Amino acid sequence: MKILGIETSCDETAAAVVEDGKYILSNIISSQIDVHSIYGGVVPEIASRHHLNSLLPVIEQAIAPVGGIEGIDAVAVTNGPGLIGSLLVGVQGAKTLSWISGKKLVAVNHLEAHLKAPFIGWKNNPPPEYQLPQLSLLVSGGHTILYYVQKEKVEILGATRDDAAGEAFDKVAKMTGLGYPGGPVIEKYSKKGNPEAFRLPRALHKKGGYDFSFSGLKTAVMNLIENLGVEAADSIHDIAASFQMAAVDSLLEKVQLALENHEVELLVVAGGVAANSLLRGKVIELAEKYGVAAVLPPKILCTDNAAMVAAKGYELAKDKNFSSYDLNAFSSSFFTKRGGLLNKKGR
Amino acid sequence: MKSRFFKNLTETQTMELARQTASLLPEGANLALCGDLGSGKTHFAKGLGHGLGIPQGIWITSPTFTLINHYQGADHKFYHADLYRLGHEDELFEIGFYDLVKGPEILAVEWWDQFPGTYPEQIIKVILEKVSPITRNLQIQSEHPSFKAEQLNLL
């Protein structure tokens, strides 16, 4: 079964065709980072306008290798969570395409799609085998969530109580004047810095369970910059490196705690921050220590993409979990202490 | 305009004032949460949300990425927005912001002060200022006739 996936929840307009939820036949991403770097952040109005301009060319490119729309079996689209205006462009596009082609429509949750990303590959470079149970860390600009995935049960062990990890990278990059997006610039400057130059706060204490917090770390970097005053500019590499180390440590402390308390086959890290080299290296080390296999998607599948949407869409289509044309987009999900996820699926 | 000023608040005291503020808010109140990165705007919004009856078990998190988060409290809907990533006030229209300003829900907005021309007449401004790594000054300036700021009281 070939599924066309469409993703417009934030920066990227993306479309992809994936076969049987596993093999990428096409994966087109029209990155808008250049436009946004001018403003030091994602600019929603510009984002939705760009989605409008890019959506059709991106879809056309994605379906060309399978001979156009007739070559696919269903259309899967992200309907949330994300920026409502941006999501609506993709949802409306997918509905229209579904209606004119007679192909079924599938609504995909963006976060659930990220969990699929590590298990997609190419025919000449097949993905790792899907094994359960999994400990899965999703880290991006908008989300920091630790999942325990068992057969037919996805449990949220913890989530951020304040800022997302990727948001902390972006805000620290802005404070230090390093630019946007925060992840790559912090990583670049960290390479020439000493990660032990400044002592910054780590994870929440034990009472925080598996929850994360990055607001205190962000504020600590702010205080550090203020204390250094004019000398901050000379220490920019050390600040970046110390922050990056503290952020990665904070993530891994909770992952390690979860590994201690759960039976795990695979340790999976996904989301935009999973592109960070320090995090990738340390995750592999930690997995070795606990004798579990680490799965890190290639960087192209870490950031928002439509292949993961198509892969999740395949799973739903297989179960005949289709959507009707009254499908709507939704913006947020909320997490409860007990690990429940409250959201409106709109399926 | 009614104004209140509280000096050198700890994190716990800020939270307490946010909860009290919530209990005094008239229907449809709009709050601008002002202050630099790390001054405690999201922290204040947490107190507001819980003060409006959002259960303790639900995390009120930063809306920087999502722009607008909505929560359902016991009796109130609570919208928490963040305009940090917006570049121009036209974009407020694009994200459906003005519907929330006019609506009956409680709306608390971070970085609204980037676009002061878009404040409604009855705006309630909460201005946070970092004094030290662990203390904040907090000023409340209310243009809302039914918001009884004088009842705010730190024990």
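# Chat about a two-chain model

Trainee: Let's start with chain A. How do strand β1 (residues 2–7) and strand β2 (residues 13–19) of chain A pair?
Mentor: They pair in the antiparallel sense over 6 bridges; two strands count as paired if DSSP finds at least two bridges between them. One example is A:K2, whose bridge partner in β2(A) is A:E19. Keep in mind that this is a predicted model, where local features need pLDDT of at least 70, side-chain atom pairs count only at pLDDT 80 or more, and totals for chains, interfaces and linings use all residues. Residues are numbered from 1 along each chain as its sequence is written, chains are lettered from A and ligands numbered from 1 in the order in which they are written, and side-chain values use heavy atoms, with hydrogens and water left out.

Trainee: And what counts as a helix or strand here?
Mentor: They're DSSP runs, H or I with at least four residues for helices and E with at least two for strands, numbered from the N terminus.

Trainee: What's the strand order in the chain A sheet?
Mentor: β3-β2-β1-β4-β5, an open sheet of 5 strands with mixed pairing. β3 (23–30) and β5 (104–109) of chain A each have a single partner strand, so one side of each has no neighbour in the sheet. The twist averages 20 degrees from one strand to the next.

Trainee: Which strands does helix α3 (residues 84–101) of chain A touch?
Mentor: β1, β4 (74–80) and β5 of chain A, and the helix direction makes about 160 degrees with that of β4(A). Contact means heavy atoms within 4.5 Å. Axes are lines fitted to C-alpha atoms, for helices over the stretch in contact, and angles run from 0 to 180 degrees between N-to-C directions.

Trainee: New topic: at what angle do α6(A) and α8(A) pack?
Mentor: About 115 degrees, with the axes 7 Å apart; α6 covers residues 182–190 and α8 residues 236–261. Among the residues making that contact are A:I186 and A:Y189 of α6(A) and A:A240 and A:F243 of α8(A).

Trainee: What else does A:F243 touch?
Mentor: Leaving aside neighbours within four places in sequence, A:F243 is in contact with A:A168, A:F169, A:V172, A:I186, A:L200, A:L217 and A:V221. Along with B:L83 and B:F97, A:F243 touches the most other members of the largest nonpolar core, which has 78 residues. A core here is a set of buried Ala, Val, Leu, Ile, Met, Phe, Trp, Tyr and Cys residues joined through side-chain atoms within 4.5 Å. The largest share, 12 residues, comes from α8(A).

Trainee: Why does A:K218 count as buried?
Mentor: Because its relative accessibility is 7%. Buried means under 20% relative accessible area, exposed over 50% and partly exposed in between, with a 1.4 Å probe and protein chains only. A:K218 is found in helix α7 (residues 215–228) of chain A, and its contacts beyond four places in sequence are A:D163, A:K171, A:M175 and B:G38.

Trainee: Over to chain B. How many residues of β2(B) are buried?
Mentor: 5 of its 5, residues 30–34. B:N30, B:A32 and B:C34 point one way, and B:L31 and B:L33 the other.

Trainee: Which strand holds the partner of B:L33?
Mentor: β6(B), where the bridge partner is B:V126. β2(B) and β6 (residues 124–132) of chain B pair in the parallel sense over 4 bridges.

Trainee: Last one: why is helix α2 of chain B largely enclosed?
Mentor: Because 10 of the 11 residues of α2(B) (residues 41–51) are buried. Those buried residues pack against α1 (11–24), β2, β4 (77–82), β5, β6 and β7 (135–142) of chain B.
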